[in-house]
Amino acid sequence: MATTDMAGPGFRPAPDRRPFILRNPSVMYFLAALAVFTLGVTLLSEATGVGFLSTSFVKTLGKTLCLCLVAVAMDVVWGYCGILSLGHMAFFGIGGYAIGMWLMYARTEIIVAESLAASVIPPTPDEVRDAIGSQIFGVVGASEFPWVWGFASSLPLQLLMVVAVPGLLALVFGWLAFRTRVAGVYLSILTQAMTLALALYLFQNDSGLRGNNGLSGLQNIPGYGETSQDVISIAFFWASALALALGYVLFAWVVSGKMGSVVRGIRDNEARVRFLGYHVESYKLFIFTLTAVVAGIAGALYYPQAGIINPAELAPIASIYLAVWVAVGGRGRLYGAVIGAAFVSLLSSWFTGGGAPAINLGFYRIQWTDWWLILLGLSFVGVTLFAPKGIGGLFDLIAERRTPDRTGDYGPNDGAWRKEEGREE
Amino acid sequence: MSTLLEVSGVSVSFDGFRAINNLSIQIAEPELRAVIGPNGAGKTTFMDIITGKTRPDEGRVLWGEKSVSLLSLSESQIARQGIGRKFQKPTVFEAQSVRENLRMSLKNPRGPFDVLLARGKPDDETRIDEIAAEIGLTEALGRRAGELSHGQKQWLEVGMLLAQDPRLLLVDEPAAGMTPAEREHTTDLLKRAAQTRAVVVVEHDMEFVRRLNCKVTVLHEGSVLAEGSLDHVTKNKDVIDVYLGR
Ligand SMILES: Nc1ncnc2c1ncn2[C@@H]1O[C@H](COP(=O)(O)OP(=O)(O)OP(=O)(O)O)[C@@H](O)[C@H]1O
Ligand SMILES: [Mg+2]
């Protein structure tokens with residue numbers, strides 16, 4: 001920070017030409033914390049360290065980082081821009097499906113190639129494709145490749161789908177909704193309807209995405225059949241950490257400066273922003289689409305670690321949880337979203353995974369697998385009512401204690417404890 | 001002096017209640033115009049119509065040399081045509097600093113990508129400092145707008161209006177909550193702005209209007225009751241009856 005010495009009327013600190021990250025201490029702290037965490041996990045993992053952390057736990061942590069990334073996106077769209085989207089997990093799921101299609105296709109292709117290699121007559125490409133088709137779609141009683149699998153054989157194209165499909169869906173949906181100035185509760189309901197419709201569509205067998213079976217075996221990375229899961233898990237953990245770091249910096253940049261002013265202005269009083277000449281709908285559309293794309297990327301990193309994706313992942317409740325994480329962590333600050341997502345999702349897997357000991361009240365045994373959701377609901381209500389700033393609000397207490405009160409007209413020096421100086425002992 | 005804004009035959013009803021009734025007003029450029037009238041006369045609604053907040057039931061609102069109809073434009077398009085507005089109840093972005101409020105208002109390209117990519121021009125910061133000095137908020141530039149007093153918020157909104165560099169300024173009750181000295185400063189500021197632009201000021205305070213020393217339009221029940229110099233309109237029998245006489 002520039003010194004505030006000698007701040008007189010008309011004084012202005014020289015324009016800050018340092019890189020964006022250095023100018024924003026909170027971004028720097030976050031990246032440092034993430035780096036330390038990544039290093040720690042690396043040193044404790046089975047593949048690259050002492051083996052203190054099991055492979056499945058490394059996967060849980062990697063998945064958590066992806067959830068943090070989608071939570072950061074949610075915070076930008078809700079906490080900064082004021083659009084309470086309850087559909088962002090749909091974009092996350094679409095990203096997962098997009099990468100899952102390639103993973104399933106390419107792996108099945110290898111298996112089919114191996115089994116057909118033994119045959120006397122070399123198989124024709126059509127035969128190979130049919131064999132892959134019946135392998136993948138056998139569970140839904142089909143063997144034809146639906147049109148949505150058109151690009152599934154190509155990794156680059158399917159990676160493009162990871163960003164293009166959520167992006168286009170968000171663009172079209174957002175354009176229709178914002179243009180007619182649907183806002184507030186109505187918009188939230190509309191986003192819920194969108195994710196519900198998508199989930200119901202995917203549940204159908206003839207949607208071409210294996211209905212309620214979803215896509216599975218995603219943890220097996222084609223071409224790395226020999227590589228053991230502990231190595232794959234740490235590789236995905238690193239990729240997730242990198243994605244979170246990049247996404248965090250991207251969003252911190254977007255919500256800084258004048259763009260951040262306009263976006264927060266839209267949240268607080270969108271009519272006023274209009275009268276300043278800004279086309280509010282374009283800004284909303286931009287934020288909605290950008291966050292949807294990042295959600296898709298987060299999903300594409302999450303599901304290979306989860307191993308399976310099915311339509312239930314796109315259920316409306318998933319997007320509501322996302323909002324709860326951000327609220328618990330503290331919306332309107334990016335690190336708050338990260339804290340909320342990490343804290344609640346890890347706690348949730350501890351409780352629902354049987355990690356938490358059941359409490360015996362004598363007359364009743366509290367089984368956390370049943371009671372966790374109620375606890376979560378109650379804490380959400382509690383946070384909303386009593387700590388609207390969420391967990392992230394605790395950082396304000398620290399910051400307030402550290403920085404002296406620089407307001408008022410006392411004393412000679414702008415950086416000093418002016419009121420203290422002005423007081424006569 | 002040419003006509004910048006022409007409002008003609010405009011009417012608006014809210015649930016059957018005629019707030020604006022066949023209203024016609026012309027504003028030239030440059031011009032300083034005061035609009036007075038009792039509570040509920042339709043002064044704010046008049047501004048709502050020009051800025052696109054309220055769509056009139058009938059009538060025309062034409063703007064500029066090309067006589068563009070403002071009725072077919074959205075709020076943000078109208079603002080970009082060069083019409084700036086200060087609201088009756090000061091509306092600034094309370095969660096943001098005074099500097100951020102002014103920076104957002106500065107006349108610059110308004111598209112999302114323009115705003116995202118064009119960052120921190122040094123000229124902009126110089127301009128912000130000039131405006132802050134003019135509205136007496138230099139010391140407060142780093143403070144949150146929500147911490148300002150009512151009068152200071154009024155100033156900030158006037159500053160935001162100046163930052164937009166509009167051709168037409170619509171100023172709704174700028175002096176409310178200001179000390180006499182501040183009022184005087186406000187009149188100077190508005191008069192100076194009106195040397196090169198059109199400025200329409202709604203105000204209840206007669207002393208304030210007198211100091212503006214400009215053409216006055218008296219509104220009553222949604223239409224023009226009288227128009228002319230302050231002395232001229234205050235002598236008007238109708239005006240005395242409905243407004244001053246009470
Ligand atoms: N959106 C609205 N819905 C219903 N009635 C409205 C609306 N806006 C204004 N009115 C009515 O229109 C009339 C004119 O209101 P307006 O705010 O324009 O008056 P004004 O001249 O600005 O008064 P004041 O001096 O109190 O600010 C009032 O009777 C008001 O109640
Ligand atoms: Mg009014």
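Which residue of chain A forms a salt bridge with E100(B), and how far apart are the closest N and O atoms? In this predicted model, the partner of E100(B) is R264(A), and the closest N and O atoms of the pair are 3.1 Å apart. Three salt bridges are found across the interface of chain A and chain B. Polar contacts between the two chains amount to 11 residue pairs, with both residues at pLDDT 80 or more. On the side of chain A that touches chain B, the elements giving two or more residues are α8 (229-254), α9 (257-275) and α10 (280-306). Of these, α9(A) gives the most, with 13 residues. Sorted by class, this side of chain A holds 11 nonpolar, nine polar and eight charged residues.

The extent of the interface can be stated in residues and in area. Contact involves 28 residues of chain A and 35 residues of chain B. The size of an interface is often expressed as the accessible area lost when the parts come together. Between chain A and chain B the buried area is about 3,100 Å², and carbon and sulfur atoms give 60% of it. Within chain A, the residues that lose the most area to chain B are K258(A), R272(A) and F275(A). Together these residues account for 25% of what the chain A side buries.

Strand pairing was examined in chain B. Strand β1 (residues 2-14) and strand β4 (residues 58-63) of chain B run antiparallel and are joined by five bridges. In this pairing, L5(B) is opposite W63(B) of β4(B). β4(B) also pairs with strand β5 (residues 68-69) of chain B, again in the antiparallel sense, over two bridges. Here L62(B) stands opposite S69(B) of β5(B). The hairpin of β4(B) and β5(B) has four residues between the strands, and G64(B) in this hairpin adopts a positive phi near 75 degrees.

Ligand 1 is surrounded by 13 residues. The closest of them are N39(B), K43(B), T44(B), T45(B) and H204(B). For N39(B), an N or O atom of the side chain is 2.8 Å from an oxygen atom of ligand 1. For Q88(B), a side-chain N or O atom is likewise 2.8 Å from an oxygen atom of the ligand. A41(B) approaches ligand 1 through its backbone, with a polar backbone atom 3.2 Å from a ligand oxygen atom.

Conventions. Residues numbered from 1 in each chain as written. Chains lettered and ligands numbered in written order. Predicted model: local features only at pLDDT ≥ 70, side-chain atom pairs only at ≥ 80, totals over all residues. Heavy atoms only, no water. Contact = heavy atoms within 4.5 Å. Buried area = accessible area lost by both parts, 1.4 Å probe. Salt bridge = Lys/Arg side-chain N within 4 Å of Asp/Glu carboxyl O. Polar contact = N/O pair within 3.5 Å; in protein donor to acceptor, adjacent residues only side chain to side chain. Nonpolar A, V, L, I, M, F, W, Y, C, P; charged D, E, K, R; others polar. Pairing = 2+ DSSP bridges. Near = heavy atom within 4 Å.
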